[in-house]
Amino acid sequence: NKTIKNIILRVSMLLGLVAFIVLVVIAKFNRDETTIKKIVIDIDEWSGNSFITKTQVLALIDEKFDMVGKNLSGKDLEEIEKSITIIPQVKKSDAYTDDKGNLNIKIEQREPLFRVFNLQNQSYYVDKNGLKFPTSSNYTAKVPIITGNILEVCDTSKKIQSPELKRLFNVIQNINKNKLWSAMIGQYNINDKKQIELIPRFGDCTIIFGDDKEIEQKLKRLDIFYFDVLKKIGWNQYKVINIMYKNQVVCLK
């Protein structure tokens, strides 16, 4: 009858839950008792960046830890994660073990937004969160370069501070939303008047952008001028294209 069916159903559910808990406990016990046989490193190279190598990470782990053939506690894993995030190009690291005796390390690299060349002959990247980090001998990211009147140095993992870089950060973030101009602008420059200049990848001109105000309107003016005017008269007609002023494009031959 219905009552017996309900009892059987509830007992089955309870037994299933108990079996699940037992399996979880056994798996955890086995994992805790498993000694480390191998280190498996997974770096997010799919993101297009290769600042960090597996060899570099293994060398750091070998230098600071003796783990092969040993059991690792949660605290040990935390220490491994902290040691890896000391590498300035690392955004995040996760370390965990499995029942096969593997120590698995997953690394997420910083994503650069642009690369700065300052007046002190230093070069460094700024990531998509506005944090600075040094370049790597392993890899050079294909991002816009920043030149000109920039004094700010690379104090690792600190956010950009100067008004010039903050304005540039805002401009580049917005220009990157426009696929066309993101692809066309390969260099940004801060001139002596602290104005932002855009250097296109083709043509022989400088675009004076000014500050980080009314970015969308400036790009619309640039669109119209480039593809309704320059397309007809030639890309190299002007040396300077100034789009700082509202409803105007001022050019110098």
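Me: Why is V18 called partly exposed in this predicted model?

Reply: V18 has a relative accessible area of 43%, and because buried means under 20% and exposed means over 50%, with partly exposed in between, the value for V18 places this residue in the middle class. V18 lies in helix α1, which covers residues 2-33.

Me: What makes L14, L17, V18, F20 and I21 a nonpolar patch on the surface?

Reply: A patch of this kind takes nonpolar side chains within 5 Å, from residues with over 30% relative accessible area and no salt bridge; V18, at 43%, is over that limit, and the five residues L14, L17, V18, F20 and I21 together have about 500 Å² of accessible area.

Me: How do you know that K253 is exposed?

Reply: K253 has a relative accessibility of 68%, and since exposed means over 50%, K253 counts as exposed. K253 is placed in the segment after β12 (250-252), and, leaving out residues up to four places away in sequence, K253 touches Q237, Y238 and K239.

Me: Which residues have the most contacts inside the largest nonpolar core?

Reply: The largest nonpolar core has 33 residues, and those with the most contacts inside it are F114, I146, L165, Y188, Y226 and I241. Among the elements that give two or more residues to this core are β4 (112-117), α4 (163-175) and α6 (215-233).

Me: What does L165 contact, leaving aside its neighbours within four places in sequence?

Reply: With those neighbours left aside, L165 is in contact with F114, V116, Y124, I146, I150, E152 and I160.

Conventions: Residues are numbered from 1 along each chain as its sequence is written. This is a predicted model: local features need pLDDT of at least 70, side-chain atom pairs count only at pLDDT 80 or more; totals for chains, interfaces and linings use all residues. Side-chain values use heavy atoms; hydrogens and water are left out. A nonpolar core is a set of buried Ala, Val, Leu, Ile, Met, Phe, Trp, Tyr and Cys residues joined through side-chain atoms within 4.5 Å. Buried means under 20% relative accessible area, exposed over 50%, partly exposed in between (1.4 Å probe, protein chains only). Helices (H or I, at least four residues) and strands (E, at least two) are DSSP runs, numbered from the N terminus. Contact means heavy atoms within 4.5 Å. Patches are made of residues with over 30% relative accessible area and no salt bridge: like charges are joined within 9 Å, nonpolar side chains (Val, Leu, Ile, Met, Phe, Trp, Tyr) within 5 Å. Accessible areas come from the Shrake-Rupley method with a 1.4 Å probe; for residues, only the protein chains shown count as cover. A salt bridge is a side-chain nitrogen of Lys or Arg within 4 Å of a carboxyl oxygen of Asp or Glu.
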